[in-house]
Amino acid sequence: MDAPVPELEARARACADALLEAEEVLLASHIDADGLTSAAVAATALRRAEIPFETVFEKQLDADSVAGIAARGYDTVLFTDFGSGQLDVIADHEAAGEFRPVIADHHQPADADTRLHLNPLLEGIDGASELSGAGAAYLLARALAARGPEARLSNRDLAALAVVGAVGDMQASGGELHGANAAVVAEGVEAGVLSETRDLSVYGKQTRPLPKLLEYASDVRIPGITGDERGVISFLDDLEVDIRADSGWKRWVDLTDDEKRAVASALVRHAVSRGVPAFKIDRLVGTTYVLEEEAVGTALRDASEFSTLLNATARYERADVGLAVCLGGRGEALERARELLRTHRRNLSEGVEWVEEHGVTTEGHLQWFDAGEEIRETIVGIIAGMSMSADGVSRDVPVVAFARKDDAETKVSGRGTGALVGRGLDLSVVMREAARAAGGDGGGHDIAAGATIPAGNEAEFIERADEVVGEQLG
Ligand code: C5P
Ligand code: C5P
Ligand code: ZN
């Protein structure tokens, strides 16, 4: 069978071979949607290849967590959705003979190399927009399937989870997945586990009652709709579409294709009439990725809703719940995940409100806010990203957000836009340099990156970050 992403095939094969030789593997992954799906893809592939393994999750990989991983005594450690940014630290443990690292990641590599390293950036593929961690894990799973004892299994069914990871990492934020991600989608479609359709690109098409779907859609703000319950009802009532169900409101998935088209075009007309600019109106429609094997009307059927459900688990110290759902758990695990999702959604909207209320401070080349203990450090990055479409926050400069980690440390998240990256912004460099200047460390992607610094050094961080952004944007 053809390799889905030929550029990465040699690396995928070398990693697969090393895993097949291992006695027992420790699988270590990151606590977000992409990290969970990466772990689920890798875990399924290891199980099918009959390789014994155990799974652990880390909030972040640093010298301490890598040392903790080494202390567990596994001969081989598979890192997914992180590892590249900490290659220097990992290489030291490898050199000391503590474990053999295998890395499937998409973050900007630190300066060091290890042989078993599967990362799109090493082959000229963009790790922020063309392949996610779960996508890298998927390529590894495909290579394992081709070489392991159960070679008859192609592992292509795992493409669905890989797409959830990519969508969870906002790699479809331009409207659709492309590059290597598109190759993964194509395999999933062929395997019958995925479908892609042009549709309204609003969160909640599977599960939200129609009025809430439109009222809560905040990525593109439409006067008379966004946050306006009565406006939405009157908008919907004017349409010749029956939007009421016996039990209340229909959801988007309950509409026929004709009805969906009617609502979508009325929404676009309404937005135009209210003066929403054309480039924002374009964002109302995009590609939706549907997991064909999941039940209609559940969060698991929509890649975007599924990824949010996963963030609601792992970012609240319940990666076990998210992983169980990814691996097929539907009873108790799914119920627990749904409860966690309610809290997560509330935290996100309260977080964005907090930013709108308190505003941002603008420097020469960036804007920032310090949420202190008001926003949980594990979700401050998501809120920083969402805040870029909030009132009072500019899209012309990147945003930097601080949140208290504990008495000693502050979490930093940086978010930019595609346009800024086009002009030279690379937040992985900004975060790393500014963090180092402030006594910490960081990394990530050009468009989104993070760091941890000693508490109290925020001003130093901002000063250096502002300089680096200034240099990058010339
Ligand atoms: O660690 P990881 O790669 O999984 O996290 C990527 C982060 O970058 C996510 O929080 C995602 O929301 C963010 N991102 C973004 N916009 C993009 C790509 C990624 O905000 N276009
Ligand atoms: O934590 P946050 O969502 O802001 O992270 C954005 C991106 O930066 C993620 O891909 C994350 O893995 C990465 N990151 C990193 N090193 C850190 C913090 C975040 O590589 N210390
Ligand atoms: Zn990722």
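Which strands each supply at least two residues of the shell around ligand 2?

Modeller: Happy to! This is a predicted model, so local features need pLDDT of at least 70 and side-chain atom pairs count only at pLDDT 80 or more, while totals for chains, interfaces and linings use all residues. Residues are numbered from 1 along each chain as its sequence is written, chains are lettered from A and ligands numbered from 1 in the order in which they are written, and side-chain values use heavy atoms, with hydrogens and water left out.

The strands you asked for are S13 (409–415), S14 (441–444) and S15 (448–454), each giving at least two residues to the shell around ligand 2. Strands here are DSSP runs of E with at least two residues, helices are runs of H or I with at least four, and both are numbered from the N terminus. In total, 16 residues surround ligand 2, and the closest are His107, Lys411, Ser413, Arg415 and Gly443; a residue is near a molecule if one of its heavy atoms lies within 4 Å of it.

Now for the polar contacts, meaning pairs of N or O atoms within 3.5 Å (within protein, one must be able to donate a hydrogen and the other to accept it, and residues adjacent in sequence count only if both atoms are side-chain atoms). Lys411 places a polar side-chain atom 2.5 Å from an oxygen atom of ligand 2. The backbone takes part too: a polar backbone atom of Gly443 is 3.2 Å from an oxygen atom of ligand 2, and a polar backbone atom of Gly450 is 3.2 Å from an oxygen atom of this ligand. On its own, ligand 2 exposes 450 Å², of which the protein buries 84%; these areas come from the Shrake-Rupley method with a 1.4 Å probe, and for residues only the protein chains shown count as cover.

By class, the shell around ligand 2 holds 3 nonpolar, 10 polar and 3 charged residues. Ala, Val, Leu, Ile, Met, Phe, Trp, Tyr, Cys and Pro count as nonpolar, Asp, Glu, Lys and Arg as charged, and the others, Gly among them, as polar.

Stepping back, the protein is divided into domain 1 (6–193), domain 2 (200–348) and domain 3 (359–473), with bounds from an automatic or database domain assignment. Ligand 2 lies between domain 1 and domain 3, because both give residues to its shell.

Of the 14 residues around ligand 1, Asp32, His107, Asp169, Met170 and His445 come nearest. A polar side-chain atom of Asp169 is 2.8 Å from an oxygen atom of ligand 1, while for Arg415 the distance from a side-chain N or O atom to an oxygen of ligand 1 is 3.1 Å. The protein covers 87% of the 480 Å² of accessible area that ligand 1 has on its own. Its shell has 4 nonpolar, 5 polar and 5 charged residues.

Finally, S13 leads on to helix H15 (residues 380–387), whose buried residues pack against S13, H12, H14, strand S11 (367–370) and strand S12 (399–404), with contact meaning heavy atoms within 4.5 Å. The buried residues of H15 are Val380, Gly381, Ile382, Ile383, Ala384 and Ser387, where buried means under 20% relative accessible area, exposed over 50% and partly exposed in between (1.4 Å probe, protein chains only).
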